[in-house]
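Please read them with the structure open.

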Amino acid sequence: MFYSIRHVTRFHYSSPVSESVMEVRMRPRSEFLQQCLKFELHVTPRARVQFYRDYLGNTVHHFDVPGHHNRLALIAEAVVEVEEPAELPASLPHSAWAAIDEMWASGELYEFQTPSHFTEPSAELEKLIAELGVDRSLDPLTLLRALNEKIFAAFDYVPKSTRVDSPIDLALANRKGVCQDFTHIMIAIARGLKIPCRYVSGYVFPREKHADRSTPSATHSWVEAWLPGLGPNHSGLWVGFDPTNNTLCGNRHIRAAIGRDYADVPPTKGVYKGRATSELTVAVRVLPTDAPADDKEELILLPGSNSGSSPVADQHWEQMQQQQQQ
Amino acid sequence: MTMTGRALERRKFPAPFSNYELGDPFDEMFLADGAPREHYQEIYDFLLQLPAEELRLHKQAADQSFLHQGITFTVYGRDEGTERIIPHDLLPRIITAQEWGKVEAGLEQRIHALNLFLRDIYHEGKILSDGVVPRDIIYSCKHFRREMRGVHVPKGNYLPVVGTDLIRLPDGEFVVLDDNLRVPSGVSYMMTSRQVLQRIFPRLYQACGVRPIDHYGQALLATLRNLSPDGRPEPTVVLLSPGVYNSAYFEHSFLARQMGIQLVEGRDLVVHDNIVYMRTTSGLRRVDVIYRRIDDDFIDPLSFRKDSILGVPGLFNAYRTGNVTLANAIGTGVADDKALYAYVPKIIKYYLQQDPILQNVETFLATDPTHLNHIVNNLDKLVVKAVGESGGYGMLIGPHSTKEQQEEFRLRILEDPRNYIAQPTISLSTAPCFVDGGNIEPRHIDLRPYILYQGEKSVIVPGGLTRVALRKGSLVVNSSQGGGSKDTWVLN
């Protein structure tokens with residue numbers, strides 16, 4: 001499948017700010033069954049966009065806007081090809097747990113097998129684990145399928161019931177949240193059993209008839225778990241689980257960035273100088289498209305001059321609002 | 001009637017040493033039988049013939065000099081009046097050329113190995129795959145910077161500026177207590193102490209044949225310039241300070257003056273298009289090398305602590321790209337974590353295939369169940385340290401603690417074992433100090449040499465800062481805990 005993605009992010013400040021510095025993690029990854037064929041990032045006011053690869057292999061674009069501005073707008077446009085993954089077996093042998101413990105002993109995926117900022121265990125989490133009856137009696141694949149479904153059933157999808165930086169306890173206590181919360185909860189539980197798990201930030205193309213719960217006009221997140229014995233040479237495979245939509249990830253899920261949890265992969269992260277309140281609006285549109293005429297990858301970074309006003313030095317740094325994944 | 005051996009040992013010293021007592025610790029000036037060591041003979045004779053009144057006048061002159069130079073530091077954790085003149089002891093601490101030779105070689109070896117270790121864990125991580133250092137010590141360390149993985153640092157040098165803490169065991173052996181690989185301070189006290197003492201004891205200084213240290217500032221500048229980003233032949237070097245409220249602000253301004261470079265704060269720098277600039281009255285000026293005296297956490301609110309108002313947003317990305325050099329590199333704190341310290345001898349062996357020249361102090365890790373058991377059952381004998389703290393904060397000195405304090409630490413250790421280590425209580429060596437009332441008495445000291453690591457070789461100015469626990473019997477030398485300083489003379 002080919003998709004075209006348009007992701008618009010706008011910050012509107014109540015009074016002029018300056019020296020905005022921002023990092024963006026929006027470029028779809030090119031690996032496994034997914035290829036990013038085209039990516040453009042337009043920034044207004046114009047800024048010189050540069051990029052680097054972080055240690056997880058995510059492409060991070062960054063730029064600064066030194067002069068005064070009331071608005072900051074980002075338009076990211078991508079064309080991506082995603083292939084449907086091979087069908088998974090109905091289950092794994094119970095010996096898969098031994099392979100998972102071996103992986104733990106090797107330390108290769110250490111950070112995906114231990115708690116991180118948003119996936120720390122808590123009393124509320126223990127309550128849920130007891131309630132759902134999660135342990136190693138099932139094989140890992142069957143367990144994750146069941147867990148995916150149980151989290152879907154145990155929580156209501158309610159936008160704005162949690163915030164971008166809420167700990168999982170808030171969603172756990174109220175049994176409602178958005179995809180970011182469900183992803184963190186599922187990761188926390190699975191890592192508790194030492195299953196290597198990572199957080200995926202990305203986009204989802206909505207199903208037609210039986211609509212997904214996740215908001216189509218926002219970014220999405222889900223879990224990837226490493227399962228031994230799968231894949232072309234049986235050396236293990238990262239398998240996507242989407243507890244928000246009670247589904248396994250296939251060619252509708254477009255991966256932009258991976259990390260230990262949300263803190264590693266926010267689509268935007270930035271600071272600015274100035275005393276202003278800001279309003280953040282985000283729009284995401286994912287459409288199936290034809291293969292692009294020119295399939296050579298293009299990365300167009302718009303050069304530009306800054307607005308020319310002199311930087312100011314008298315105010316403190318403020319954090320830009322981040323977009324919650326829904 | 002025979003004299004007992006005990007009475008013979010308690011030999012009476014002549015004034016001004018009348019109150020001097022020798023105990024178990026190694027004494028820098030006196031042999032066990034009470035005779036002065038050969039390298040202290042000169043100063044011993046000098047002190048014996050010096051009238052008490054004159055010694056007092058010298059002390060006054062030295063105090064005045066420190067006061068006028070404004071050599072101060074800040075003590076945290078108290079409500080009022082935190083800025084102090086650094087207490088200073090008049091009598092120099094002397095190290096022989098032979099002793100120093102070993103210290104120098106040992107430090108060079110140790111820091112070279114630690115630098116290789118940092119390069120390894122931020123790239124291939126071979127030492128972790130080989131199981132020499134446990135992975136969880138690295139990943140659970142709050143100073144481990146994942147963001148540094150795969151980042152190239154100029155000349156592969158993570159540690160251009162180091163100040164290692166050494167102590168002397170009762171047998172006279174120097175051992176390493178703390179590696180201080182982040183932003184070690186105190187070098188300004190070393191330099192100003194020397195200036196003052198040279199003025200007060202000019203003839204003694206000449207007679208002893210003391211190795212000079214006044215090239216430190218230029219050596220530091222050369223070290224920093226040498227790390228300039230590629231193709232920047234005349235680099236602009238600045239010193240980045242957290243500002244006047246920092247405990248070491250005196251030192252920041254002192255060093256900037258010594259090197260003839262700009263002293264800046266975060267708000268004086270700006271990153272535009274991934275290049276770092278300094279705001280000057282004549283516009284923006286590109287900065288190439290930053291000697292930063294700010295912790296990693298606070299250096300860039302975009303990449304690290306969001307609430308930092310001291311840092312420069314975007315600085316880390318400019319650094320990552322190689323457009324600016326930070327000294328020291330980001331993430332060096334993972335190698336001076338107090339739990340990692342226990343592994344440094346193995347680290348030296350692993351990278352250099354050599355035995356460590358300078359030994360460690362025996363260390364118990366609370367994360368190890370048998371060690372933990374030993375720690376909680378011997379709190380009255382051990383020194384317990386919080387791994388994330390420095391400067392003598394968060395520490396329990398068993399023999400000098402109350403039952404309540406021990407109980408409090410026991411609970412804290414059990415709750416968070418990763419955060420604690422323990423070591424046997426070591427009696428630091430003692431050196432003669434001029435105390436109130438005009439006498440000279442022994443006080444406990446340590447030694448912090450300053451190493452400018454430049455790859456295979458290092459520049460180490462002879463000596464370093466000798467810190468003194470000025471309270472009688474105290475083993476805490478940190479200036480934040482009432483310690484003072486002493487000039488350190490390495491002889492030719």
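1. Two strands count as paired if DSSP finds at least two bridges between them. Strands (E, at least two residues) and helices (H or I, at least four) are DSSP runs, numbered from the N terminus. By that rule, β7(B) and strand β8 (residues 262-264) of chain B pair in the parallel sense, over 3 bridges. Leu239(B) faces Leu263(B) in β8(B).

2. The link between these strands passes through helix α10 (residues 249-259) of chain B. This β-α-β crossover is right-handed: with the strands pointing away from the viewer, the path from the first strand over the helix to the second runs clockwise.

3. This is a predicted model: local features need pLDDT of at least 70, side-chain atom pairs count only at pLDDT 80 or more, and totals for chains, interfaces and linings use all residues. Residues are numbered from 1 along each chain as its sequence is written, while chains are lettered from A and ligands numbered from 1 in the order in which they are written.

4. β7(B) has another parallel partner: strand β12 (residues 289-292) of chain B, joined to β7(B) by 4 bridges. Here Leu240(B) stands opposite Arg292(B).

5. Buried means 20 or more other C-beta atoms within 10 Å of the residue's own; exposed means 12 or fewer, and partly exposed lies in between, with C-beta atoms placed from the backbone.

6. Chain B as a whole has 14 helices and 24 strands. Of its 492 residues, 46% count as buried. The radius of gyration, taken over C-alpha atoms, is 23 Å, which agrees with the value near 23 Å for a compact globule of 492 residues. That rule is 2.2 Å times the number of residues to the power 0.38. The C-alpha atoms fill a box of roughly 85 × 55 × 50 Å along the principal axes.

7. Chain A divides into domain 1 (2-82 + 266-319) and domain 2 (96-264), with bounds from an automatic or database domain assignment. Their C-alpha centres lie 27 Å apart. In contact (C-beta atoms, placed from the backbone, within 7 Å) are 19 residues of domain 1 and 15 residues of domain 2.

8. On the side of domain 1 of chain A that touches domain 2, β14(A) supplies the largest share, 5 residues.

Methods
Two residues are in contact if their C-beta atoms, placed from the backbone, lie within 7 Å.
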